[in-house]
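Subject: Structure handover

Hello,

Here is the structure you asked to look at. Please open it first, then read the notes below it.

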Amino acid sequence: MDPRVKKILFTTDLTNRARDVFGHAVFLAASFGASITMLHVIEDIPPSDKSFVKEELGEEVYNEMEQAKQATVTSSMIGKQKEAPMIEHVLHKLSEDAVQGSEGTPPVVVDKQLVTIGRIDEEILYQADANDCDLIVMANRLRAATPEKPLAGTVAGVVRRSKKQVYLVPIVD
């Protein structure tokens with residue numbers, strides 16, 4: 001793996017703690033002379049949840065429910081797409097606040113602010129590749145960790161499958 005970092009993918013859930021994690025991304029970007037791509041993923045319904053419901057209700061009932069809610073799902077996706085400009089505005093504001101280099105430090109370039117819909121770990125990995133990022137910076141919520149599983153959920157999925165370097169910022173909620 002090439003240790004040079006030219007582009008950083010910063011992943012955010014838009015919580016207050018995201019600003020702290022973004023500070024790490026800005027520091028790393030300034031240190032490496034790298035740019036930052038910001039990413040927020042709106043979580044879609046995981047396929048495993050769909051499978052579970054299908055098994056519990058039976059295929060026929062599940063298919064009827066799917067047909068009945070098709071209009072609702074379409075409406076929901078339109079609603080999520082309408083949220084995207086608002087989320088992009090929040091990302092833009094976050095980047096403006098944090099990347100104005102302090103004295104003696106060059107400003108950091110935020111080249112993109114992405115909002116996508118999908119499975120979070122898959123979207124992070126996809127966007128890291130699609131945007132030629134060398135490093136992924138993300139929060140690691142310690143409340144979800146156990147001694148047996150120090151990484152959980154999305155973080156575990158990204159770390160386990162990433163071909164890119166991953167920088168985890170420990171967060172205590």
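**What was found**

Asp-132 counts as exposed, with a relative accessibility of 58%. Please keep in mind that this is a predicted model. Asp-132 sits in the loop between H5 and S4, just after H5. Its phi is positive, about 55°, although Asp-132 is not a glycine.

Leu-14 also has a positive phi without being a glycine, with a value near 70°. You will find Leu-14 in the loop between S1 and H1. Its relative accessible area is 30%, so Leu-14 is partly exposed.

Which residues of H5 are buried? They are Asp-121, Glu-123, Ile-124, Leu-125, Gln-127 and Ala-128. The buried residues of H5 pack against S1, S2, strand S3 (110-118), S4 and H6.

Asp-121 is one to look at separately. It belongs to helix H5, and it counts as buried because its relative accessibility is 6%, where buried means under 20%. Leaving aside neighbours within four places in sequence, Asp-121 is in contact with Thr-154, Gly-157, Val-158 and Arg-161.

An α-helix has 3.6 residues a turn, so residues three or four places apart point the same way.

**The nonpolar cores**

The largest nonpolar core has 17 residues. Those with the most contacts inside this core are Ile-8, Phe-10, Phe-22, Ala-25, Ile-36 and Val-137. Strand S1 (7-11), H1, S2, S4 and strand S5 (165-171) each supply at least two of its residues. H1 provides the largest share of this core, six residues. Apart from this core lies another, of 12 residues, including Leu-39, Ile-124, Leu-125 and Cys-133.

As background, nonpolar side chains tend to be buried together in soluble globular proteins.

Is Ala-25 buried or exposed? With 0% relative accessibility, Ala-25 counts as buried. Not counting residues up to four places away in sequence, Ala-25 touches Ile-8, Phe-10, Ile-36 and Val-137. Ala-25 and Leu-9 are 16 residues apart in sequence, and their C-alpha atoms are 8.4 Å apart in space.

**The largest pocket**

How large is the volume of the largest pocket? It is about 440 Å³. The pocket is lined by 24 residues, and the closest to its centre are Asp-13, Met-138, Ala-139, Arg-141 and Thr-154. Thr-154 is also one of the residues in contact with Asp-121.

At least two lining residues come from each of H1, strand S2 (35-43), helix H5 (120-130), strand S4 (135-141) and helix H6 (153-161). S4 gives the most to the lining, with four residues. Sorted by class, the lining has 14 nonpolar, seven polar and three charged residues.

H5 and S4 then lead on to the lining of the largest pocket, to which each supplies at least two residues.

Regards

Definitions and conventions. Residues are numbered from 1 along each chain as its sequence is written. This is a predicted model: local features need pLDDT of at least 70, side-chain atom pairs count only at pLDDT 80 or more; totals for chains, interfaces and linings use all residues. Side-chain values use heavy atoms; hydrogens and water are left out. Buried means under 20% relative accessible area, exposed over 50%, partly exposed in between (1.4 Å probe, protein chains only). Contact means heavy atoms within 4.5 Å. On a 1 Å grid over the protein atoms alone, a cavity is a set of points where a 1.4 Å probe fits but cannot get out, and a pocket is an open set with protein on both sides within 12 Å along at least five of seven lines; lining residues have an atom within 4 Å of a point. Grid points are joined across faces, edges and corners, and a volume is the space filled by probe spheres set on the points. Ala, Val, Leu, Ile, Met, Phe, Trp, Tyr, Cys and Pro count as nonpolar, Asp, Glu, Lys and Arg as charged, and the others, Gly among them, as polar. A nonpolar core is a set of buried Ala, Val, Leu, Ile, Met, Phe, Trp, Tyr and Cys residues joined through side-chain atoms within 4.5 Å.
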